[in-house]
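Okay, thanks for making time, everyone. Let me put the model up and then walk you through a few spots in it.

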Amino acid sequence: MQVLKKNLLNLFALCILLSFAGCGNKATKSESSNGSKKDSIVFGIATELNNFDPFSAMTADARSVNFNLFDGLVNVSQDGGFNPAIAESYTVSDDAKTYSFSLRNGVKFHDGSDLCHADVLYSIQKAIESSLSGYNKIKDFHITEDGHLIINLSDADTGFIAYLTTPIVKENAQNLALSPVGTGPYKLAEYVEQDHLTLEKNEDYWGQKANLKKIIIKFIDNQANMILNFQAGSIDAFSANADSVEQLGNKDVTKYQRNSNSVQLLALNNAVAPFDDVRVRKAINYLVDADEIIKTVNYGYGVKTGSPLIPALVKYYNSDVDDDYNLNIDKARSLLKEAGYENGFSFSITIPSAYTVHVRTGEVIVNQLSKAGIKASIKQVDWASWLQNVYTDRQYESTIISVDGSLAYPTAFLSRYCSNASNNFVNFKSEAYDAIYEKAVRTVNEEDKIAYFKDAQRILSEESASVYIEDIATLTVYKKEFAGNRDYPLYVTDFSAVYAVDN
């Protein structure tokens with residue numbers, strides 16, 4: 001299930017870890033001030049993590065950490081493709097209904113036990129029972145006498161391989177939320193509530209081993225404290241917002257920037273008046289100036305988008321919708337008058353207080369909407385309250401958040417707009433959308449699939465499901481002693497790529 005993005009400003013920072021790959025320094029351990037070799041890094045994030053269960057974790061930051069703890073049958077590659085992982089190789093039948101996998105030998109879990117066929121079967125069944133996206137397509141699955149995994153689908157799906165990045169866990173695994181045991185390059189060594197977690201290098205990893213022995217992830221509640229900890233030497237790197245990056249300057253700091261691969265939006269609850277009227281939703285779209293937000297809130301670190309799909313999925317992204325709602329106050333006023341709101345109306349924007357980028361975006365939007373007589377007020381809530389009241393219970397008028405995808409595939413971003421989707425927290429309903437989305441998923445022809453996914457984005461734009469603003473850049477800052485990055489079309493941090501460099 002795709003999930004939400006926490007403090008995108010903080011996201012800005014996470015880029016560091018992801019952007020490390022392009023550095024050309026040889027992977028060595030650096031000398032500390034007392035002459036000892038560094039083999040760990042302390043990384044600060046604003047989100048406290050308390051659930052690492054890959055079948056239920058709701059936050060993007062949790063999935064980012066899980067990227068280091070688990071492997072799927074396949075893992076996403078930096079170019080958006082899929083590399084063999086637990087499965088050493090795979091084939092797809094001509095009708096795209098049967099997927100056959102040759103499983104890798106010699107894979108060990110973090111507790112030292114061998115990965116067995118039963119673990120793979122258990123994990124697939126667990127994903128089905130957890131209603132993870134795509135797994136409802138599975139008709140049956142089994143292990144053949146010669147040890148191959150066969151998955152038969154009820155309907156053809158050429159993109160089904162994307163769902164199989166879902167982690168493989170131990171059969172009958174207990175307490176995955178706080179004691180995850182996977183096969184990834186790092187294992188969870190310690191978790192201290194409201195303080196930190198420690199990842200330890202998996203020396204038995206079947207693939208390319210991590211460089212650093214330990215990754216200590218500190219939970220620090222705001223950017224001001226993050227900067228203080230960084231300058232005091234308590235942390236070596238952190239997810240930074242644009243303000244922090246500008247404040248730190250360039251001295252003794254390495255910065256990495258990439259897209260967050262999540263879409264910031266002003267989500268409008270389509271089931272609540274006046275947002276149940278498409279004319280009002282269109283008016284809001286004409287009033288929200290994404291260019292101003294990117295410039296004033298994020299110092300230009302962002303990519304404008306008119307779609308809930310990330311621009312990084314270039315093949316499927318419909319760039320034609322980006323300019324559907326350029327700033328047009330007169331058009332907005334006309335639509336509001338037509339809908340019976342000539343004098344405007346009042347509503348609240350519920351925003352998780354931990355995310356400065358969203359709060360500041362809200363402040364800009366309040367001013368933008370006032371130009372057409374709309375009075376918007378900001379209601380700040382804590383993250384747990386937002387998850388429960390806004391995302392789960394849908395008890396809100398509007399909100400500002402960034403939404404990512406758990407997969408590097410359009411369904412991870414677009415499936416939530418299907419009328420019956422459990423994560424359709426904006427309550428968007430459209431028979432036309434449901435039909436075109438179903439065509440996109442079912443067709444075997446890739447050109448048709450691309451066209452259908454683009455048509456789906458066109459419907460979301462024409463119906464103004466919400467206001468899509470930008471893919472905020474992810475910024476990470478870290479001390480000069482560290483480098484290393486691998487960038488993916490997902491919101492993940494590949495800690496295995498981080499290394500200490502020689503002074």
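This is a predicted model: local features need pLDDT of at least 70, side-chain atom pairs count only at pLDDT 80 or more; totals for chains, interfaces and linings use all residues.

Residues are numbered from 1 along each chain as its sequence is written, and side-chain values use heavy atoms, with hydrogens and water left out.

Okay, the sheet. Four strands make an open antiparallel sheet, in the order E5-E6-E8-E7. My labels are DSSP runs numbered from the N terminus: helices are H or I with at least four residues, strands are E with at least two. Two strands pair if DSSP finds at least two bridges between them. At the edges sit E5 (87–92) and E7 (138–143), each pairing on one side only. From one strand to the next, the twist averages 15°.

Look at E7 and E8 now. E8 covers residues 148–153, and its antiparallel pairing with E7 runs over five bridges. One of the partners to look at is His-142, which bridges to Ile-150 in E8. The two strands form a hairpin with four residues between them, and in that turn Gly-147 has a positive phi of about 90°.

Helix H3 (residues 117–129) lies across E6 (98–103), E7 and E8, and runs at about 170° to E7. For angles like that, axes are lines fitted to C-alpha atoms, for helices over the stretch in contact, and angles run from 0 to 180 degrees between N-to-C directions.

On to helix pairs. H6 (residues 278–287) and H8 (residues 329–338) have axes that come within 8 Å and cross at roughly 160°. H6 and H8 are therefore roughly antiparallel; the cut-offs are under 35 degrees for roughly parallel, over 145 for roughly antiparallel, 65 to 115 for roughly perpendicular, and oblique for the rest. On the H6 side, the contact residues include Ala-283, Tyr-286 and Leu-287, and on the H8 side they include Ala-332, Leu-335 and Leu-336. Contact here means heavy atoms within 4.5 Å.

The other pair is H12 (residues 431–442) with H13 (residues 446–462), packed at about 160° with axes 8 Å apart. That makes H12 roughly antiparallel to H13. Among the contact residues are Tyr-433, Ile-436 and Tyr-437 of H12, facing a set from H13 that includes Tyr-452, Phe-453 and Ile-459.

So what does Arg-442 form a salt bridge with? The partner is Asp-155, with the closest N and O atoms 2.8 Å apart. The rule is a side-chain nitrogen of Lys or Arg within 4 Å of a carboxyl oxygen of Asp or Glu, and the count comes to 18 salt bridges. Arg-442 is in H12 and Asp-155 is in the loop between E8 and E9 (186–192), so the pair ties together parts that are 287 residues apart in sequence.

You'll find Pro-274 in the loop between E14 (262–268) and H6. As background, most residues other than glycine have a negative phi, and most peptide bonds are trans.
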